[in-house]
Amino acid sequence: MGTLGGHLVAALLFLIIALYYSVLVSFALLRGQRFLKPPLPPRDKRGQRWWQLVSGEAVVKVVFSLIVILPELFYPPGTNRMVMVDWEDPKRPFVFKDTWQHVTMYGFFLFSGVVDIVSQACQARQNMKLERAAEALAFCVLVLLMINHIENKSALESRVHALFMLPAFLVALVLIIEVWVPDQPSLWVLKTWMGLVLSNWLLHLGVLMYAPPSGQPWSGDNPVDLAFLTTFFCWHLGLGAVVLAVIYSLCSLWHHRFSSWKRAPGAEYHPCPLCEGSEEPEKFRAGAPQLDGGV
């Protein structure tokens, strides 16, 4: 991940998930849903095929995690970073520190996906609390490793990663709260907003460190450059809110348009015609004695 491509791939995967949750939250708010994601039916009431037992989100977690883990270990082709200790050196030093931090980081997201699959496919009833706890653990590990990741780094790298930790920490905090207090719309919005900020900032972080548009590398020794980092991060906070608002607006238009399409013509309430000379009241009055007699 210590390259432009590594940061872009990870950022785009996070962004896809954040945009998906933006749509999910928007429709949940528009429909007044009690649950963001309703629990799956009991296992015996689902089909027997694996895609009927497991949600798509669990599979996506596993696939996306593998997409970023495997290149960390084996890219470019012929590389093998699965070695943790240099056994040829008499001092036996650890090697590939950053690689193993990244693998551990994304390995816990892989673990979260596996927990989802076990909860949904191997238990009689889905254990949503366990799934939320595993996801919260993944983000806690992300923040913990980021704290260590910025050690012995330049001032520029330390600042951009410290700013990255803020939305990651808030997402982790929301997920921890949701283990015990789930299905709170305000937490849905905060988690989605911070997810958008996290993914956008990670995208910006890679471009800024490895391919600055100006062609001039940013300097950690320049206080002006460091000041603009915080300014740009604040812009990303606003950008995340704008993106979420735009997605909500588009979902609102779709929701109301789709609702109008589903409304059958003639399904609206029509009052009974009671105009003078109408046949409907006469028919009702003629049938009323018969109804009374029947009772």
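Y21 is buried, with a relative accessible area of 12%. Here buried means under 20% relative accessible area, exposed means over 50%, and partly exposed lies in between (1.4 Å probe, protein chains only). Y20 is partly exposed at 39% relative accessibility.

This is a predicted model, in which local features need pLDDT of at least 70, side-chain atom pairs count only at pLDDT 80 or more, and totals for chains, interfaces and linings use all residues. Residues are numbered from 1 along each chain as its sequence is written, and side-chain values use heavy atoms, with hydrogens and water left out.

The structure holds 8 aromatic pairs. Y20 and Y21 form an edge-to-face pair, because their ring centres lie 5.5 Å apart and their planes meet at 80°. The criterion takes rings of Phe, Tyr and Trp (its six-membered ring) with centres within 6.5 Å; planes under 30 degrees apart count as stacked, over 60 as edge-to-face and the rest as tilted. Elsewhere, ring pairs join W218, F228, F232 and W235 into a cluster.

Next come the charged contacts. A search of the whole structure finds 4 salt bridges, each a side-chain nitrogen of Lys or Arg within 4 Å of a carboxyl oxygen of Asp or Glu. One of them pairs K61 with D116, with the closest N and O atoms 2.8 Å apart. This pair links distant parts of the chain: K61 sits in helix α3 (residues 56–74) and D116 in helix α4 (residues 97–121), 55 residues apart. Helices are DSSP runs (H or I, at least four residues), strands are runs of E (at least two), and both are numbered from the N terminus. K61 and D116 are both buried.

E178 and K191 form another salt bridge, their closest N and O atoms being 3.0 Å apart. E178 lies in helix α6 (residues 155–180) and K191 in helix α7 (residues 185–210), 13 residues apart. Both residues, E178 and K191, are buried. K97 and D98 also meet in a salt bridge, at 2.9 Å from N to O. K97 is partly exposed at 46%, and D98 is partly exposed at 27%.

The UniProt record (unreviewed entry) places the feature "transmembrane region" at several spans, including residues 103–121 and 226–254. Such annotations may be inferred rather than shown by experiment. Residues 103–121 are 100% helix, with end C-alpha atoms 26 Å apart. Residues 226–254 are also 100% helix, and their end C-alpha atoms lie 42 Å apart.

Finally, the cysteines. The structure holds 0 disulfides, a disulfide being a pair of cysteine sulfur atoms within 2.5 Å. C140 is partly exposed at 31% relative accessibility. C234 is partly exposed at 43%.
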